[in-house]
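Subject: Structure for your files

Hello,

Here is the structure I said I would pass on. My notes on the fold follow below it.

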Amino acid sequence: KKKQHKQQQQNENENERKKGKGKKKQRDATTMTLEQRLIRKRIRIGTNQSTKSLEEDQSSPLLIILARDVHPPTILSHIPFMAKQRKTPIMLLPGGQASVELGKALGIKLAAILLFRAQEDGGEEEEETKLHKLVDSFVSFAKTKLGT
């Protein structure tokens with residue numbers, strides 16, 4: 001009986017582990033901080049989101065940051081062409097670990113591309129205005145380093 005009970009308990013534990021795998025925790029707007037909501041509005045992370053933003057947004061992005069170490073490089077080959085059409089400056093991050101370092105800065109594993117969007121007009125709180133100014137300040141600083 002003890003063996004049977006132990007085996008049953010192991011099977012239940014394994015089933016619970018399997019159920020938990022593959023489920024991603026999704027954050028809704030109520031659990032996100034103001035900073036996280038602002039980042040979602042102003043910054044696109046990843047190739048798909050950036051491409052969609054370049055294709056669909058009415059206003060041109062302010063800045064694109066690309067990691068050079070993406071393999072295969074064809075994943076991002078369309079981005080410079082689209083950026084040139086939109087007259088958006090591109091900053092290339094050199095080095096063999098650029099996407100890893102960029103990902104670490106964002107709290108994710110890898111980030112091949114960041115796209116900074118223009119601020120949307122609308123009534124904002126004072127704290128949100130300060131955060132917008134910080135994003136705009138970073139973009140302005142990066143553009144001075146690019147010479148644009």
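**The sheet**

The protein has an open sheet of 4 strands in the order E1-E4-E2-E3, with mixed pairing. (Two strands pair if DSSP finds at least two bridges between them; helices, H or I with at least four residues, and strands, E with at least two, are DSSP runs numbered from the N terminus.) Strand E1 (43-45) and strand E3 (90-93) are at the edges with a single partner strand each, so one side of each has no neighbour in the sheet. On average, and ignoring direction, neighbouring strands are turned by 15° against each other.

This is a predicted model, in which local features need pLDDT of at least 70 and side-chain atom pairs count only at pLDDT 80 or more, while totals for chains, interfaces and linings use all residues. Residues are numbered from 1 along each chain as its sequence is written, and side-chain values use heavy atoms, with hydrogens and water left out.

Strand E2 (residues 63-67) pairs with strand E4 (residues 113-116) in the antiparallel sense, over 4 bridges. Leucine 63 has phenylalanine 116 in E4 as its bridge partner.

**Helices on the sheet**

H3 lies across E1, E2 and E4 and runs at about 35° to E4. Helix H6 (residues 126-146) lies across E2, E3 and E4, at about 70° to E2. Axes here are lines fitted to C-alpha atoms, for helices over the stretch in contact, and angles run from 0 to 180 degrees between N-to-C directions. Contact means heavy atoms within 4.5 Å.

**H3 against H4**

Helix H3 (residues 47-56) packs with helix H4 (residues 78-86) at an angle of about 30°, the axes being 10 Å apart. That makes H3 roughly parallel to H4 (angles under 35 degrees count as roughly parallel, over 145 as roughly antiparallel, 65 to 115 as roughly perpendicular and the rest as oblique). On the H3 side, Thr47, Thr51, Ser53, Leu54 and Glu55 meet His78, Ile79, Met82 and Arg86 of H4. These contact residues divide into 3 nonpolar, 4 polar and 2 charged (Ala, Val, Leu, Ile, Met, Phe, Trp, Tyr, Cys and Pro count as nonpolar, Asp, Glu, Lys and Arg as charged, and the others, Gly among them, as polar).

**Overall**

The protein has 6 helices and 4 strands, following the pattern α-α-β-α-β-α-β-α-β-α along the sequence. Among contacts between residues at least 6 apart in sequence, 78% join residues at least 24 apart.

Regards
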